[in-house]
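Hi,

Here is the structure I promised to pass on. Have a look at it first, and then read my notes below.

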Amino acid sequence: MHSLYANVWNETLKITLKKKSLFFLAITLIIPIGVSLLLANFQSNIGIGAISSKDFPILMLNLFTAIFLPLFVFMSAADQFAGEFGDNTLKLVLTRPISRFKVFVSKQISLGIYIAAYLFVALIASMIAAFFLSGNISGTAILDWLIAYGAAFLPLATLSIMVVLLAQFFTTSSGALTISILLYIAAKMSAFFFPQISKYYPTAYMDWHMLWLGSGTASGQLLSIFMFLLGCSILCFIAGYYLFDKKEL
């Protein structure tokens, strides 16, 4: 257990020290405040408050879960697996007294930690930015924000596990990143052309947090989506570890 904890710390630290991680953190902090200032200025000029304070954090969450956080997941998963395999640093990790399973799990956990951290930073930045807009912020609105940002973790975590599986087929991070982005775009676009089958794509539930707002969604629907994402996560985790364990370094 100590070796797993130590390797989770090492993997998390490796992500932290990457310039792209700091860049995404800066984007997560800057975008909500910048967008809110632009909206506040625009709405004051036209005299119409189209987006209020209570709606702004949810609007930003939709943007983050659709574009920015998936891109971070793609880049980090590609670097942690395909990238380290290509530059032979993965071989150095496996020379330590730790099993391949613990290495694989620790990398997955570190990705999950960073997804949660970015959602937390996005929530704080969006809450601060909301005060620049018109409208009252009630306790109910804050509770909705907390629930929505918390619920957004599951589909992003599922996406990260799927990308880790995909990364096992590549020896360079650029290849894994490129294919991940293309498949993600294809899955999103297919929802417009084949809406009947889009519900079977885990990427169709990146806005799952919207179902938690208000009281219009039945608990059975939330449970079914939860079980679907959980099932996809388990299957992709098992398949990803199998390929990782069989990979020759």
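The crossing of α7 and α10 is left-handed (the near helix is turned anticlockwise from the far one by less than a right angle; clockwise would be right-handed). Before the rest, a word on the source: this is a predicted model, with local features needing pLDDT of at least 70 and side-chain atom pairs counting only at pLDDT 80 or more, while totals for chains, interfaces and linings use all residues. Residues are numbered from 1 along each chain as its sequence is written, and side-chain values use heavy atoms, with hydrogens and water left out.

Back to that helix pair. α7 covers residues 153-167 and α10 residues 219-246; they pack at about 25° with their axes 8 Å apart. (Helices are DSSP runs of H or I, at least four residues, and strands are runs of E, at least two, numbered from the N terminus; axes are lines fitted to C-alpha atoms, for helices over the stretch in contact, with angles from 0 to 180 degrees between N-to-C directions.) The angle therefore makes α7 and α10 roughly parallel (under 35 degrees; over 145 is roughly antiparallel, 65 to 115 roughly perpendicular and the rest oblique). On the α7 side, L154, P155, T158, I161, M162 and L165 do the touching, and they meet α10 residues including F226, L229, C232, F237 and L243 (contact means heavy atoms within 4.5 Å). By type, the residues of this contact are 12 nonpolar, 3 polar and no charged (Ala, Val, Leu, Ile, Met, Phe, Trp, Tyr, Cys and Pro are nonpolar; Asp, Glu, Lys and Arg charged; the others, Gly among them, polar).

Next, α3, which packs on α7 as well. Those two axes come within 9 Å and cross at roughly 35°, and the crossing is right-handed. From α3 the contact takes in T65, L69, P70, V73, F74, A77, F81 and A82, and from α7 L156, L159, S160, V163, V164 and A167. That contact has 12 nonpolar residues, 2 polar and no charged.

α3 (residues 56-86) also meets α8 (residues 173-193), with axes that come within 8 Å and cross at roughly 150°. The two are therefore roughly antiparallel, and α3 passes α8 in a right-handed crossing. Among the residues in this contact are T65, P70, F74 and D79 of α3, with S173, L177, I181 and Y184 of α8.

On to the rings. The whole structure has 16 aromatic pairs (ring centres of Phe, Tyr and Trp, its six-membered ring, within 6.5 Å; planes under 30 degrees apart are stacked, over 60 edge-to-face and the rest tilted). One of them is F23 with F24, edge-to-face at 5.9 Å centre to centre and 80° between the planes. Ring pairs also link F81, F101, F104, F237, Y241 and F244 into a cluster.

S21 sits in α2 (residues 19-46) and counts as buried because its relative accessibility is 3% (buried is under 20% relative accessible area, exposed over 50%, partly exposed in between, with a 1.4 Å probe and protein chains only). Beyond four places in sequence, S21 touches I15, T16, F72 and Y118. N7, in α1 (residues 2-17), is buried too, at 2%. Its contacts beyond four places are V93, R96, I98, K102, V103 and S106.

Cheers
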